[in-house]
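Please read it alongside the sequence and the structure shown here.

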Amino acid sequence: MCDVIGSSDYFWHYTDVHYDPTYETTQESCNVNVSDSPFGSYECDSPWRLVVSSVNAMKRIGPKPAFIVWSGDTVHHPKNPKDLSREKVIEVMKNLTTLLRTTFPGVAVFPCLGNHDYFPHNQFPARDNAYYGGLSQLWRPWLRETDAGVTFTQGRFLDDFALPFLPEGMRKY
Ligand SMILES: [Zn+2]
């Protein structure tokens with residue numbers, strides 16, 4: 001459960017990571033030779049090294065945010081959409097969840113899905129499935145309400161909001 005509540009007057013917004021687990025290997029999404037670009041290249045999605053570096057920079061600049069909004073598009077753009085799979089998508093989401101949870105222990109994170117965070121992308125089914133259930137389990141430590149995971153599984157939204165995490169003086173709106 002989250003234990004840092006209302007202790008900070010800032011929050012982090014983390015978005016559009018587009019983490020490519022194949023950056024250095026099969027280069028699913030990358031169009032250039034990346035041997036000289038260990039932290040990413042203009043025509044590529046993010047290598048893991050860049051992802052970790054960005055989260056570490058967040059920790060260095062603002063180590064105790066009131067909360068973190070993680071607003072999706074975490075999965076890369078494969079050159080061939082058939083290179084992706086639901087298993088690869090959940091693996092990417094797991095890696096990012098673990099990174100944020102271990103770098104910011106006890107901080108509330110509000111995740112949401114971008115259009116790339118499903119396989120096939122843009123085609124989220126409007127019914128329960130193992131992917132939604134898996135994410136709901138993965139994100140449960142961040143959910144204060146015990147039924148928030150249920151609303152996510154059934155409705156693809158989190159029945160939770162950031163207001164209680166803001167300092168007293170910022171809760172007027
Ligand atoms: Zn994006």
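Two residues are in contact if their C-beta atoms, placed from the backbone, lie within 7 Å. In that sense Tyr14 touches Ile68 and Trp70, when residues up to four places away in sequence are not counted. The model is predicted. Its secondary structure comes to four helices and three strands, and the pattern along the sequence is β-α-β-α-β-α-α.

**Overall organisation**

- The protein has 173 residues, of which 27% count as buried.

- The three strands form an open sheet, with parallel pairing, in the order E1-E2-E3.
- Strands E1 (12–14) and E3 (109–111) stand at the edges; each has a single partner strand, so one side of each is left without a neighbour in the sheet.
- From one strand to the next, the twist averages 15°.
- Strand E2, residues 68–70, pairs with E3 in the parallel sense over three bridges.
- Trp70 stands opposite Pro111 in E3.
- Strands of a sheet pair through backbone hydrogen bonds, in either a parallel or an antiparallel manner.

**Tyr14 in strand E1**

- Tyr14 is found in strand E1.
- Is Tyr14 buried, partly exposed or exposed? Tyr14 has 19 C-beta neighbours inside 10 Å and therefore counts as partly exposed, since a residue is buried if 20 or more other C-beta atoms lie within 10 Å of its own.
- Tyr14 and Thr74 are 60 residues apart in sequence, and their C-alpha atoms are 9.7 Å apart in space.

**Packing of helices H2 and H3**

- Two packed helices are described by the angle between their axes and the distance between the axes.
- The axes of helix H2 (residues 86–103) and helix H3 (residues 130–139) come within 11 Å and cross at roughly 10°.
- Angles under 35 degrees count as roughly parallel, and H2 and H3 are therefore roughly parallel to each other.
- On the H2 side, the contact is made by Arg86, Ile90, Met93, Lys94 and Thr97. On the H3 side, the contact is made by Tyr131, Gly134, Leu135, Leu138 and Trp139.
- By residue class, this contact of H2 with H3 divides into six nonpolar, two polar and two charged residues.

**The largest nonpolar core**

- Which residues touch the most other members of the largest nonpolar core? They are Ile68, Leu100 and Val109, in a core of 29 residues.
- H1, E2, H2 and H3 are the elements that give two or more residues to this core.
- H2 provides the largest share of this core, with five residues.
- Leu100 touches Val55, Ile68, Trp70 and Val109, when residues up to four places away in sequence are not counted.

**Ser54 in helix H1**

- Ser54 has its place in helix H1.
- With 16 C-beta neighbours inside 10 Å, Ser54 counts as partly exposed.
- Ser54 and Val17 are 37 residues apart along the chain, and their C-alpha atoms are separated by 9.4 Å.

**Backbone features in the loops**

- Most residues other than glycine have a negative phi, and most peptide bonds are trans.
- Asp16 is not a glycine, yet it has a positive phi of about 50°. Asp16 lies in the loop between E1 and helix H1 (48–61).
- Asp16 counts as exposed, with 12 C-beta neighbours inside 10 Å.
- Asn122, also a residue other than glycine, has a positive phi near 75°. The loop between E3 and H3 holds Asn122.
- Is Asn122 buried or exposed? With 8 C-beta neighbours inside 10 Å, Asn122 counts as exposed.
- The peptide bond from Phe119 to Pro120 is cis, with omega near -10°.
- Pro120 is found in the loop between E3 and H3.

Terms used:
Residues numbered from 1 in each chain as written. Predicted model: local features only at pLDDT ≥ 70, side-chain atom pairs only at ≥ 80, totals over all residues. Pairing = 2+ DSSP bridges. Axes fitted to C-alpha atoms, helices over the stretch in contact; angles between N-to-C directions. Parallel < 35°, antiparallel > 145°, perpendicular 65-115°, else oblique. Nonpolar A, V, L, I, M, F, W, Y, C, P; charged D, E, K, R; others polar. Core = buried A, V, L, I, M, F, W, Y, C linked by C-beta atoms within 7 Å.
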